[in-house]
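Subject: Handover of a structure

Hello,

Please find the structure below. My notes follow it, and I would be glad if you read them with the coordinates open.

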There are 2 protein chains.
Amino acid sequence: MTRKALPQPERDEIRVESVLQALGEPVRLQIIRALADAPEGIACGEIELPVTASTRAHHLRILREAGVLSTHTEGTRRISTLRREDLETLYPGLLTGILTAPR
Amino acid sequence: MTRKALPQPERDEIRVESVLQALGEPVRLQIIRALADAPEGIACGEIELPVTASTRAHHLRILREAGVLSTHTEGTRRISTLRREDLETLYPGLLTGILTAPR
DNA sequence: ATCGTACTACGAAGATCATCGAACTTCGAT
DNA sequence: ATCGAAGTTCGATGATCTTCGTAGTACGAT
């Protein structure tokens with residue numbers, strides 16, 4: 001089984017604007033919440049979303065390129081995880097603030 | 001001198017999506033940072049921004065309607081303040097996370 | 001080698017958004 | 001009562017974004 005990480009920004013390349021813009025979209029926020037409940041990561045397809053597969057891929061790419069999540073391949077599947085540590089270092093409290101919000 | 005508050009959402013009407021969407025725009029983020037440095041509030045016109053007055057008004061409206069800031073009139077001027085307490089209660093850490101970010 | 005699965009890339013369509021100028025309102029000062 | 005300053009609203013324009021279907025890639029299993 002092959003294992004490869006997808007390109008993503010280094011910690012010091014992450015910009016607040018991009019992160020906030022990435023998080024400020026309902027579908028993407030849903031993805032983040034799903035990821036927060038699964039520290040070991042989730043395959044994209046396993047997240048229940050009201051959009052097609054291609055739209056889902058689009059959102060995951062935006063989140064990854066913003067530096068919010070990390071993705072690596074495992075066979076044909078792509079496992080995503082929240083970049084908790086990086087985000088907590090850059091913007092302490094931001095993630096918790098969002099996740100503790102009333103849904 | 002007349003003093004009147006402009007309409008804004010109650011604390012329990014504030015939605016995370018709207019807040020994040022409001023914050024995820026460079027000009028608006030700039031406004032937030034200016035407001036964070038002025039606890040007593042700022043008049044819109046005093047904030048240095050790379051946009052015209054009407055665009056500025058547009059952004060301030062979005063921030064107010066999202067529940068991020070409060071605005072009241074003071075004569076012909078409009079003073080805005082961050083809704084720190086409400087935001088901290090709803091999303092503890094979010095604001096600090098954003099404000100401590102490297103610019 | 002072929003097939004199915006998981007996912008991505010591309011191009012198009014429609015929606016939403018930022019931006020502006022012009023016209024208008026409101027208030028304080030002359 | 002008139003003027004100027006501060007700020008808003010409106011309508012238009014161009015940019016950006018979400019969404020989708022289709023076509024394609026990569027991989028594991030048969």
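The notes below cover the DNA strand, the sheet and the contact between the chains.

The model is predicted, with local features needing pLDDT of at least 70 and side-chain atom pairs counting only at pLDDT 80 or more, while totals for chains, interfaces and linings use all residues. Residues are numbered from 1 along each chain as its sequence is written, chains are lettered from A and ligands numbered from 1 in the order in which they are written, and side-chain values use heavy atoms, with hydrogens and water left out.

DNA strand C

DNA strand C is surrounded by 24 residues, where near means that a heavy atom of the residue lies within 4 Å of the strand. The closest are A:Ala57, B:Gln21, B:Arg28, B:Thr52 and B:His59. Of the atoms of DNA strand C that come within 4 Å of the protein, 78% belong to sugar and phosphate.

The largest share, five residues, comes from α3(B). Helices (H or I, at least four residues) and strands (E, at least two) are DSSP runs, numbered from the N terminus.

Phosphate oxygens of DNA strand C lie 2.6 Å from a side-chain N or O atom of B:His59, 3.1 Å from a polar side-chain atom of B:His58 and 3.2 Å from a polar backbone atom of A:Gly45.

The sheet of chain A

Chain A has an open sheet of four strands in the order β1-β3-β4-β2, with antiparallel pairing; two strands pair if DSSP finds at least two bridges between them. Its edge strands, each pairing on one side only, are β1 (3-5) and β2 (42-43). Three bridges join β1(A) to the antiparallel strand β3 (residues 69-74), and A:Arg3 stands opposite A:Glu74 in β3(A).

The two chains

In chain A, 20 residues are in contact (heavy atoms within 4.5 Å) with 20 residues of chain B. The area buried between the chains is about 1500 Å², 72% of it from carbon and sulfur atoms; buried area is the accessible area (1.4 Å probe) that two parts lose on being put together, summed over both. A:Glu17, A:Leu20 and A:Gly24 supply 29% of the area that chain A buries against chain B, more than any other three residues.

Regards

How values were computed:
A polar contact is a pair of N or O atoms within 3.5 Å; within protein, one must be able to donate a hydrogen and the other to accept it, and residues adjacent in sequence count only if both atoms are side-chain atoms.
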